[in-house]
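Here is a short report on one protein chain. Look over the sequence and the model first, then read on.

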Amino acid sequence: MKVLVIDVGGNNVKILATGEEEKRKFSSGTALSAESMAEQVNALAADWQYDLISLGYPGPVVDGKIIFEP
């Protein structure tokens with residue numbers, strides 16, 4: 001099974017998929033929306049094959065909801 005890992009950071013969003021050698025990234029910052037992040041991840045990973053996604057987020061999540069921004 002191939003995994004697309006998405007690491008959401010305060011300055012950048014980094015992605016890497018199983019079998020790939022180099023991560024790809026784009027700026028995050030305070031103005032990045034979920035919709036924009038998804039569009040940019042889809043564009044960067046368009047030529048990668050993956051079966052599922054693992055998402056890392058540096059902030060508290062309770063009951064599936066983000067409590068506050070990191």
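Two strands pair if DSSP finds at least two bridges between them. The model described here is predicted.

## Overall make-up

The protein chain has 1 helix and 6 strands. Along the sequence they follow the pattern β-β-β-α-β-β-β. The C-alpha trace spans about 35 × 25 × 20 Å along its principal axes.

Of the 70 residues in the protein chain, 19% are buried. The accessible surface comes to about 5100 Å². Carbon and sulfur atoms hold 52% of that surface. Among contacts with a separation of 6 or more, 40% join residues 24 or more positions apart.

## The sheet

In what order do the strands of the open sheet stand? The order is β3-β2-β1-β4, with 4 strands and mixed pairing. Strands β3 (24-27) and β4 (52-56) are at the edges. Each has a single partner strand, so one side of each is left without a neighbour in the sheet. Neighbouring strands are turned by 15° against each other on average, direction ignored.

## Strand pairs and hairpins

Start with β1, residues 3-8. This strand runs parallel to β4, and 5 bridges join the two. Val5 has Ser54 in β4 as its bridge partner. On β2, the pairing is antiparallel, and 5 bridges join β1 to that strand. Leu4 stands opposite Ala17 in β2. The strands β1 and β2 form a hairpin with 3 residues between them.

Next comes the pair β2 and β3. These strands run antiparallel and are joined by 4 bridges. Asn12 stands opposite Ser27 in β3. This pair also forms a hairpin, with 6 residues between the strands. Gly19 sits in the turn and has a positive phi of about 90°.

Which side chains of β2 are buried? Val13, Ile15 and Ala17 are, and they point to one face.

Helix α1 covers residues 34-44. The helix lies across β1, β2 (12-17) and β3. Its direction is at about 150° to β3.

## Salt bridges

How many salt bridges does the structure hold? There are 2.

One joins the side chains of Lys14 and Asp7, at 3.6 Å from N to O. Lys14 counts as partly exposed because its relative accessibility is 22%, and the cut-off for buried is under 20%. Asp7 also counts as partly exposed, at 35% relative accessibility.

In the other, the side chains of Arg24 and Asp47 meet at 2.8 Å, N to O. Arg24 lies in strand β3, while Asp47 is in the loop between α1 and β4, so the pair ties together parts that are 23 residues apart in sequence. Arg24 is partly exposed, with a relative accessible area of 25%. Asp47 is exposed, with a relative accessible area of 53%; exposed means over 50%.

Pro60 lies in the loop between β4 and β5 (61-62). Is this residue buried or partly exposed? Pro60 counts as partly exposed, at 31% relative accessibility. What does Pro60 contact, leaving aside its neighbours within four places in sequence? Its contacts are Lys65, Ile66, Ile67 and Phe68.

Two of those contacts, Ile67 and Phe68, also belong to a nonpolar patch on the surface. Val62 is part of this patch too. Together Val62, Ile67 and Phe68 have about 290 Å² of accessible area. Ile67 is placed in the segment after β6 (65-66). At 46% relative accessibility, Ile67 counts as partly exposed.

How values were computed:
Residues are numbered from 1 along each chain as its sequence is written. This is a predicted model: local features need pLDDT of at least 70, side-chain atom pairs count only at pLDDT 80 or more; totals for chains, interfaces and linings use all residues. Side-chain values use heavy atoms; hydrogens and water are left out. Axes are lines fitted to C-alpha atoms, for helices over the stretch in contact, and angles run from 0 to 180 degrees between N-to-C directions. Contact means heavy atoms within 4.5 Å. Patches are made of residues with over 30% relative accessible area and no salt bridge: like charges are joined within 9 Å, nonpolar side chains (Val, Leu, Ile, Met, Phe, Trp, Tyr) within 5 Å. Accessible areas come from the Shrake-Rupley method with a 1.4 Å probe; for residues, only the protein chains shown count as cover. A salt bridge is a side-chain nitrogen of Lys or Arg within 4 Å of a carboxyl oxygen of Asp or Glu. Buried means under 20% relative accessible area, exposed over 50%, partly exposed in between (1.4 Å probe, protein chains only).
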